[in-house]
Structures are given as C-alpha cells and as structure tokens.
Amino acid sequence: MTPIISTTKRTRRPIDGVLLLDKPVGPSSSRVLGHVKHLLKAAKAGHGGTLDPMASGLLPLMFGESTKYAAEGLDADKTYIAEIALGEKTSTGDREGETILRMPVPSDLSEEKLHAVLRAFQGPQTQIPPMFSALKKDGRALYDYARAGEEVDRPARKITIHAIKLLGWTLPNLIVRVVCSKGTYIRTLAEDIGAAMGLPAHLRGLRRVGVGQIEDDGIVSLDSLEQANDEERLSFLKPVDWLIRDWPQIILGPSQVKRFQHGQSVMVSQELTPDVYRVNAQTGEFLGTGRVESHHMLNPERVRVLSS
C-alpha cells in the first residue's frame, strides 16, 4: 500500500454511490476516506461506522447523494472477528498500548470453560466505554483525557451481544466471532471476558466482517483502488440507494415525480401501510425516500438531487 498522502490539488467532481472498502490495518477511517476521495476526485464523501486504526475490514464509504441515506442503511448491528489475548492488560485495551498488568494463564483452562464464559455475555447488557475512545465529555474526546493521564466518569451504555462464538484458541489467545449492536466496544468486551475468567486481557486483533445485512464478500481493497484507472474505480461503486435496497418501494408517475422532487406531498392510488419507502420513477430512477403516514399520502423525507 502506498502512503496515504495527497499533496496535489485535483478538480473535484460530483460522484454518487457506495463503495465497500476493505480497510487495512494502520490508518484511521477518516484518513482512508480522504485518500479514497482523492483517488476518485469526489466532491463529497463520508464513511459509515468508524474502525480503529488497528482494525481492518468492511468500511462502507458513501459519495455524493448516497450520504443522505447512510444513517438509515448503517444504523445496524455489526459483526466482528476478534482475537483476544489473555494474561495481559494494556493501557489502551488493545495491542497498541503498554502492558500494565500480567498474570499467568492457567494451562488447564478448558474449552468448556471458555464456551461457558462466552455464553454469559450473550444478550442485553451495559458497557462502560473505554477511555481511549472518541466519545466526548465537556467538549473533549475521552482519548484526550487518557493521553493526559486523566480518567473521567463515563456513563454505562446499553448494548446487546446477539451472538458470540469461539472460533479457535491457542492459549493465551482466543478467536471469537461477535454479532453486536451499534456502539459496542470490542476492546471493552475483550477485557470483560478476561475479567470473567479472573484474568487481565486485551484485544490483539479485530476485523469487521459485517454491517447489518452487508457482508465482506467481494469488498474492494485499497491496493486495488490505487492500481485501477479512473473508469475502473467508478465501476467499483454500488448504486446510490444500495444501502436501503431492501426497503419497500413506491413507483411514481411523471406528474407525481415533479411534485415529489419539489418536496410536495403526493397522493397515491394504492393503499399503503404507514412506513418509510424508497421512491422510484417509472424509468427506474431512484428519487429519494418518503414517509407514508396515512394510507394514500406520501410525504418526501430525503429527496435526491439529480445531476443535470
């Protein structure tokens, strides 16, 4: 991978679509986004679901109009493959911190005990966010306090571990697959799993393999993007509405399209269940999203700006 540095100014262009990137270990999510935005010469971009620099895997990037529909498509559960190291606690909760506590891991630790401990973490629970996180208190990120040697109170947050499975283990390391709610800190989970065994622990490695229904099959590596030409890079993009492709759909006729695009409510002939819908023209063009609150009235929510 070439250094993620952009020194030459490039003309930005309106690009719409979703890119499923395989983020490498090392750079931050924001830095990767900036680099890909530079490669595509895109005018507007955002990412869905930050990954720490030490983590790799699925990082959805949105460009142009697709950023309007990111929250709806990405406010979802996450799936990770995590490597947990038992016997050592670090200052950051992961392998990048300094070791602050060591304990020997019992050689007779059984697979049955490991399964039992993991099962106890499945379900709704509360979790205290780590000090090394981007959450803010009094306008400052928690990691700023941590780097200054300060610890502040953090309110516990409600999370859910939908599934947790032991994939493999060679002491002192465990490999687990975790399906969890948005906002779950896997570093904290790793430390808590160790504590349940009476051991210090930290997160040794992390890869995200799923966001909601999106899986990491066929995601695009940063190296592939760097080596591709402009046309090939654009071919990696998925449609603007890809993140909400499973939503129910309403198709509008020409006169209805004009009203919808001007932000005006549209009367539809069919009786519809109150819900939020994807809205398309008869040509198949995606127009935006709208909410049905009464059975025959569609109210625009996020209207797509079509390129002229």
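Residues are numbered from 1 along each chain as its sequence is written, and side-chain values use heavy atoms, with hydrogens and water left out. Because the model is predicted, local features need pLDDT of at least 70 and side-chain atom pairs count only at pLDDT 80 or more, whereas totals for chains, interfaces and linings use all residues.

The protein chain contains eight helices and 19 strands; helices (H or I, at least four residues) and strands (E, at least two) are DSSP runs, numbered from the N terminus. Along its principal axes, the C-alpha trace spans about 70 × 50 × 40 Å. Of the 308 residues, 45% count as buried, where buried means under 20% relative accessible area, exposed over 50%, and partly exposed in between (1.4 Å probe, protein chains only). Among contacts (heavy atoms within 4.5 Å) with a separation of 6 or more, 68% are between residues 24 or more positions apart.

An open sheet of mixed pairing is formed by five strands in the order β15-β17-β18-β19-β16; two strands pair if DSSP finds at least two bridges between them. Its edge strands, β15 (249-252) and β16 (266-267), each pair on one side only. Strands β18 (residues 286-294) and β19 (residues 297-303) are antiparallel and share six bridges; Arg291 has Asn299 of β19 as its bridge partner. Helix α8 (residues 254-261) lies across β15, β16, β17 (275-281), β18 and β19, and runs at about 85 degrees to β18. Such angles run from 0 to 180 degrees between N-to-C directions, the axes being lines fitted to C-alpha atoms, for helices over the stretch in contact.

In soluble globular proteins, nonpolar side chains tend to be buried together. A nonpolar core is here a set of buried Ala, Val, Leu, Ile, Met, Phe, Trp, Tyr and Cys residues joined through side-chain atoms within 4.5 Å. The largest core has 45 residues, of which Leu19, Val36, Phe63, Ile186, Ile193 and Met197 touch the most other members. Helix α1 (residues 29-40) supplies the largest share of this core, five residues. A second, separate core of 14 residues includes Phe260, Val279, Leu287 and Leu298.

Helix α1 has 12 residues and reaches 16 Å from its first C-alpha to its last, close to the 16 Å expected at 1.5 Å a residue; the expected span is 1.5 Å times one less than the number of residues. The buried residues of α1, including Val32, Leu33 and Val36, pack against β1 (17-23), β2, β3 (55-63), α6 (222-227) and α7 (230-235). In helix α5 (residues 186-196), the buried residues include Ile186, Leu189 and Ile193, and their cover includes β4 (78-86), α3 (111-120) and β7 (123-127). Leaving aside residues up to four places away in sequence, Ile186 touches Tyr80, Ala82, Val178, Cys180, Leu203 and Leu206.

Most residues other than glycine have a negative phi, and most peptide bonds are trans. Lys41, in the loop between α1 and β2 (45-47), has a positive phi near 55 degrees. Lys41 is also buried, with a relative accessible area of 17%. Just after α5, Gly198 takes a positive phi of about 75 degrees. A cis peptide bond, with omega about 15 degrees, joins Leu171 and Pro172; Pro172 lies in the loop between β10 (157-170) and β11 (173-180).
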